[in-house]
Amino acid sequence: MDFIIAKYNYWIYIILMMIGFYAMISKSNLIKKIIGMNIFQTAIILFFVSIAYKKGGATLPILTHADAHGEHAIQVAGYLNPLPHVLMLTAIVVSIATLGVALAIAIMMYRKYHTLEEDEILKAIK
Amino acid sequence: MKTLGLIVSIIAGAFLMYGTIDMPDWGDPNSPASIHVSPRYITNTEVETATPNMVTSVLADYRGYDTLGETTVIFTAGMACILLLRRRKDVRKARR
């Protein structure tokens with residue numbers, strides 16, 4: 001039981017990630033593939049943010065009493081891990097960029113072939 | 001084809017779940033991610049950057065070059081969108 005409580009968040013993110021992976025592999029509509037890619041990226045972002053969590057009264061990684069002289073000793077266990085948050089900020093930016101370019105390419109394919117179904121596009125290419 | 005994709009994703013998910021056995025527990029304060037590198041940023045961010053928000057100081061100060069590259073990514077994506085979606089004059093004439 002302790003094992004399940006300690007690990008179930010990872011399992012939820014893995015299930016979410018596999019939903020996105022399945023959509024990327026086997027859906028034939030290009031927009032559905034793009035949505036699957038976004039679900040995949042969101043699962044990775046949630047996974048990293050959950051790594052940053054610390055039990056035992058840790059708050060957000062913002063100093064509550066800011067003084068530059070170092071009078072207050074900073075408790076490391078009292079703040080969440082800031083590094084995964086920073087990395088996921090970068091990952092959100094990259095996911096937005098990939099989503100934009102993918103949607104632009106989908107619009108181009110719709111303009112050229114008048115469909116977004118993958119098999120019909122392959123037929124039209126041949 | 002759909003069943004093949006389902007089987008592949010279930011196998012990949014099973015391997016990833018097998019990998020979580022070695023992961024640290026959720027919210028463990030003594031996990032390697034929270035005792036190895038991040039205490040240095042938590043304790044020194046105020047002295048070195050005078051910024052109370054650690055995420056901001058790491059993003060814009062310690063990893064400033066990374067953020068510069070990030071803006072390059074955004075710029076490239078925006079340029080790609082504009083170049084793809086631009087309606088060219090010759091294409092419009094050919095369509096008419």
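Two residues are in contact if their C-beta atoms, placed from the backbone, lie within 7 Å. By that rule, and leaving aside its neighbours within four places in sequence, Trp11(A) is in contact with Met17(B) and Thr20(B). The model is predicted.

**Trp11(A)**
- Trp11(A) belongs to helix 1 of chain A, which covers residues 2-26.

**Helix 2 of chain A**
- This helix runs over residues 30-51 and has 22 residues.
- From its first C-alpha to its last, helix 2 of chain A reaches 32 Å, close to the 32 Å expected at 1.5 Å a residue.
- Its buried residues include Lys33(A), Ile34(A), Phe40(A) and Ile51(A).
- These residues lie on the same side of helix 2 of chain A, because they cover an arc of only 115° around the axis.
- The buried residues of helix 2 of chain A pack against helix 1 and helix 3 (82-113) of chain A, and also against helix 2 (32-35) of chain B.

**Domains of chain B**
- In the domain assignment of chain B, domain 1 is made up of 1-24 + 32-53, and domain 2 of 63-96.
- The C-alpha centres of domain 1 of chain B and domain 2 of chain B are 32 Å apart.

Key: Residues numbered from 1 in each chain as written. Chains lettered and ligands numbered in written order. Predicted model: local features only at pLDDT ≥ 70, side-chain atom pairs only at ≥ 80, totals over all residues. Domains from an automatic or database assignment. Helix = DSSP H or I, 4+ residues; strand = E, 2+ residues; numbered from the N terminus. Expected span 1.5 Å × (residues − 1). Buried ≥ 20, exposed ≤ 12 C-beta atoms within 10 Å, placed from the backbone. Arc of directions from axis to C-beta.
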